[in-house]
Amino acid sequence: MITTKNSKIVSNKTFEHSPDSFQCGALVTNAANIIIYVNSYFTNELLWNPEQLIGKNADIIFTQSSRIFFQSYLIPTLLHEQICEEMQLIIFNADGLRIPITVNARLSDDGCIYWSFFNASKRDQLYDELIKTREKLEEQAEKLTLLASTDELTQLLNRREMKYRSTLALEQATRSGQSVGLLVLDIDHFKIINDSFGHLEGDRVLKELGHILKNFCRQTDLVSRFGGEEFLILLPDTNKSDTLLFCSRLQDSISQIKVGDDVLTVSIGVSICDDKRQFTDLFTQADKAMYKAKALGRNRTEVYCLD
């Protein structure tokens, strides 16, 4: 058996081996929360001398927040269930250093509580490292998702992502009864730009156009480089007159881009949908309207209508 300083006897039935051989802190408190036994772990690892703890309230080793948890949760749980496992607390060592610990406790029939303290510093460090690793992986996943959904040159949505998001937007518009406008923009004489000024100049034009489209459109609009010199814009909750006004202002903004001594122009085809419609159908209509704008002299907007 273990005899404490105040002659309180702690049954050796609790321990198969001497508590001083444990690789953790072993502590016993009585019904008044007074420490009546500590093993050598408290001296070797936590720098406490036994006389600094024996006969003192257990609160002496806990931080303020841990005391509150100790009194409001740990003790009531022990009184109700006689056991607590894997509780996270913070204690002080003799130098006042805060140390995270994992606590297990059992309430005996004589009212004494037998505690085991495991230093959780390394586990907390591992947990922090796992959190940082997860955050890094999530950040990398976001970057990969962005790369998979955007056009590398213009940073607009790419063809696949545009089709996917447009399909969702059309489904939402159908449920809410809103009309949707789809614009197909094609740069006028883009082959001549590449042939006359080189592909680097062509790339510059595409980048500047992408920048203008992104800044000109609303956050709810979908903007993409659909392929080559062709761009798509989906305008939720719009009508024909508002869409035509949008196109007129957009063409004015695009004219800010200079190519040699000329300004950049685009031909725009528009399709307005106010009922259930597939993206492919809407795109086909807007594409036909765009080619009509090309045929009628370019640098203009045409709205699809049944012949």
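This is a predicted model: local features need pLDDT of at least 70, side-chain atom pairs count only at pLDDT 80 or more; totals for chains, interfaces and linings use all residues.
Figure 1. Asn-104 itself lies in strand β6, which covers residues 98-107. Its side chain reaches the backbone nitrogen of Glu-86 at 2.9 Å. Asn-104 counts as buried because its relative accessible area is 18%, and the cut-off for buried is under 20%.

**Figure 2. Ile-83 in strand β5.** Strand β5 spans residues 83-92 and includes Ile-83. Ile-83 is partly exposed, with a relative accessible area of 25%. Residues within four places in sequence aside, Ile-83 is in contact with Thr-77, Leu-78, Ala-105 and Arg-106. Ile-113 is 30 residues away along the chain from Ile-83, and their C-alpha atoms are separated by 9.2 Å.

**Figure 3. The hairpin of β3 and β4.** Strand β3 (residues 25-29) and strand β4 (residues 35-38) run antiparallel and are joined by three bridges. Thr-29 stands opposite Ile-35 in β4. Five residues lie between the two strands of this hairpin. Asn-33, in the turn, has a positive phi of about 70 degrees.

**Figure 4. The five-stranded sheet.** This open sheet has the strand order β9-β10-β8-β13-β14, with mixed pairing. At the edges stand β9 (222-227) and β14 (301-303). Each has a single partner strand, so one side of each is left without a neighbour in the sheet. On average, neighbouring strands are turned by 20 degrees against each other, direction ignored. Strands of a sheet pair through backbone hydrogen bonds, either parallel or antiparallel. Here, strand β8 (residues 180-187) and strand β10 (residues 230-236) run antiparallel, joined by seven bridges. In this pair, Leu-185 stands opposite Phe-231 in β10.

**Figure 5. Helix α9 across the sheet.** Helix α9 covers residues 279-295. It lies across β8, β9, β10, β13 (266-273) and β14. The helix runs at about 145 degrees to β13.

**Figure 6. Leu-209 in helix α7.** Leu-209 lies in helix α7. The residue is buried, with a relative accessible area of 0%. Beyond its neighbours within four places in sequence, Leu-209 is in contact with Ile-187, Phe-231, Ile-254 and Ile-257. Leu-209 and Phe-231 are 22 residues apart in sequence, and their C-alpha atoms are 9.4 Å apart in space.

**Figure 7. Packing of helices α6 and α7.** Two packed helices are described by the angle between their axes and the distance between the axes. Helix α6 (residues 190-197) and helix α7 (residues 199-216) pack at about 135 degrees, with axes 6 Å apart. That angle makes α6 oblique to α7. From α6, the residues involved are Phe-190, Ile-193, Asn-194 and Phe-197. They meet His-199, Glu-201, Gly-202, Val-205 and Leu-206 in α7. By class, this contact has five nonpolar, three polar and one charged residues.

**Figure 8. The whole protein, for orientation.** The protein has nine helices and 14 strands. Of its 307 residues, 42% are buried. Among contacts between residues at least 6 apart in sequence, 55% join residues at least 24 apart.

How values were computed
Residues are numbered from 1 along each chain as its sequence is written. Side-chain values use heavy atoms; hydrogens and water are left out. Helices (H or I, at least four residues) and strands (E, at least two) are DSSP runs, numbered from the N terminus. Buried means under 20% relative accessible area, exposed over 50%, partly exposed in between (1.4 Å probe, protein chains only). Contact means heavy atoms within 4.5 Å. Axes are lines fitted to C-alpha atoms, for helices over the stretch in contact, and angles run from 0 to 180 degrees between N-to-C directions. Angles under 35 degrees count as roughly parallel, over 145 as roughly antiparallel, 65 to 115 as roughly perpendicular and the rest as oblique. Ala, Val, Leu, Ile, Met, Phe, Trp, Tyr, Cys and Pro count as nonpolar, Asp, Glu, Lys and Arg as charged, and the others, Gly among them, as polar. A polar contact is a pair of N or O atoms within 3.5 Å; within protein, one must be able to donate a hydrogen and the other to accept it, and residues adjacent in sequence count only if both atoms are side-chain atoms. Two strands pair if DSSP finds at least two bridges between them.
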